[in-house]
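Hi,

Here is the structure I promised to pass on to you. Have a look at it first, and then read my notes below with the picture open beside them.

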Amino acid sequence: MKFNHTYLFTVFLCLIFTIASTSQKMNRDNNLTSLKNKKVVLVYGGWEGHQPKLFAERVHKWLENEGAIVTLSDSLGIYTQKEIMDNTDLVIQYWTMGQITKEQSKGLLDAIKNGTGIAGCHGGLGDSFRNNTDYQYMIGGQFVTHPGGLIDYDVVIIKDSNPITKGISNFNVKNSEQYYMHIDPKVKVLATTTFSDTHNYWIKGTVMPVCWTTNYGKGSVYYLSIGHSPKDFENPEVWQLLTRGFKWACK
């Protein structure tokens, strides 16, 4: 049997082209940045009840596995180090409450405004620096309360083509805090939760964002309200939402 080498070569080229086109399409569809060789500043601290060190250890390990270049800091002073901040692709912060100085706040906000991304979860990003409204303006929301404390609640994914939520189904969060928040109306909401009247009758039926994206100047901002304790990240949907958010926010 004789083979037509020209035909086989043509088929081979078509196959290569198809694979390349499919790969490019997947990259466009996913629209999530690889963290390989990206410079990430991971800042943790504040209220110890959220176990910030454990959060930092888990996320640090994941970032290294992704190939990121990580600067780990338990001090907000890193935000004043202009050379570092000017060359940072992503800030991941887990710092609940606490105080931030004017210099530290300016260093962080300037970096995000100029294109550095910021991402985080729960009180580590949405309940930081309660006296700093400029910071809250950047994040797009602020923690107010968590009726009932540690409870079970449902999370509903908004079905669209967003790469952060693609393929993730609605899920239940167990024995954690359901955050009631004040929200900037311009944020793009990716998932929600609905409050019952079990603990506060007047909020029955209130639909509250659980995660969102927004921007601050040139910088991308991602927030997820779940993450009261390390066990929350054992839920695969929660971990996916968190880590995909990191990639999305990275410049």
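F129 is found in the loop that runs between helix α5 (122–126) and helix α6 (133–139). Keep in mind as you look at this residue that the model is predicted. Is F129 buried or exposed? The relative accessibility of F129 is 0%, and because the cut-off for buried is under 20%, F129 counts as buried. The backbone of F129 deserves a look too: its phi is near 55 degrees, a positive value in a residue other than glycine. As background, most residues other than glycine have a negative phi.

N37 also has a positive phi without being a glycine, with a value near 65 degrees. You will find N37 in the loop between α1 (5–30) and β1 (39–46). N37 counts as exposed, at 51% relative accessibility.

Now for the chain overall. It has seven helices and 11 strands. There are 251 residues in the chain, and buried ones make up 48% of them. The accessible surface comes to about 12900 Å², and carbon and sulfur atoms hold 54% of that. If you take the contacts in the chain with a separation of 6 or more, 71% of them are between residues 24 or more positions apart.

Y180 is 33 residues away from P147 along the chain, yet the C-alpha atoms of the two are separated by 7.6 Å. Which residues does P147 touch, not counting those up to four places away in sequence? They are Q178, Y180, F195, H199, N200 and I203.

Another buried residue is T192, with a relative accessible area of 15%. T192 belongs to strand β9 (residues 188–194). Leaving aside neighbours within four places in sequence, T192 is in contact with D154, V155, V156 and I158, and also with V207, M208, P209 and V210.

Next, the nonpolar cores. The largest one holds 38 residues, and the members that touch the most others are F55, L63, I92, Y222, L224, I226 and F246. Helix α7 (residues 236–249) gives the most to this core, namely six residues. Another core lies apart from it and has 30 residues, including V41, V43, I100 and L109. Going back to L63, its contacts are L35, V40, L42, A68, V70 and I92, not counting residues up to four places away in sequence.

Finally, please look at how two helices pack. Such a pair is described by the angle between the axes and the distance between them. How do helix α2 (residues 52–65) and α7 cross, and at what angle? Their axes come within 12 Å and cross at roughly 60 degrees, and the crossing is right-handed. On the α2 side, F55, R58, V59 and W62 take part, and they meet W239, L242, T243, F246 and K247 in α7. Sorted by class, this contact has six nonpolar residues, one polar and two charged. You have met F55 and F246 already, among the members of the largest core that touch the most others.

Happy exploring!

Definitions and conventions: Residues are numbered from 1 along each chain as its sequence is written. This is a predicted model: local features need pLDDT of at least 70, side-chain atom pairs count only at pLDDT 80 or more; totals for chains, interfaces and linings use all residues. Side-chain values use heavy atoms; hydrogens and water are left out. A nonpolar core is a set of buried Ala, Val, Leu, Ile, Met, Phe, Trp, Tyr and Cys residues joined through side-chain atoms within 4.5 Å. Buried means under 20% relative accessible area, exposed over 50%, partly exposed in between (1.4 Å probe, protein chains only). Helices (H or I, at least four residues) and strands (E, at least two) are DSSP runs, numbered from the N terminus. Contact means heavy atoms within 4.5 Å. Axes are lines fitted to C-alpha atoms, for helices over the stretch in contact, and angles run from 0 to 180 degrees between N-to-C directions. A crossing is left-handed if the near helix is turned anticlockwise from the far one by less than a right angle, and right-handed if clockwise. Ala, Val, Leu, Ile, Met, Phe, Trp, Tyr, Cys and Pro count as nonpolar, Asp, Glu, Lys and Arg as charged, and the others, Gly among them, as polar. Accessible areas come from the Shrake-Rupley method with a 1.4 Å probe; for residues, only the protein chains shown count as cover.
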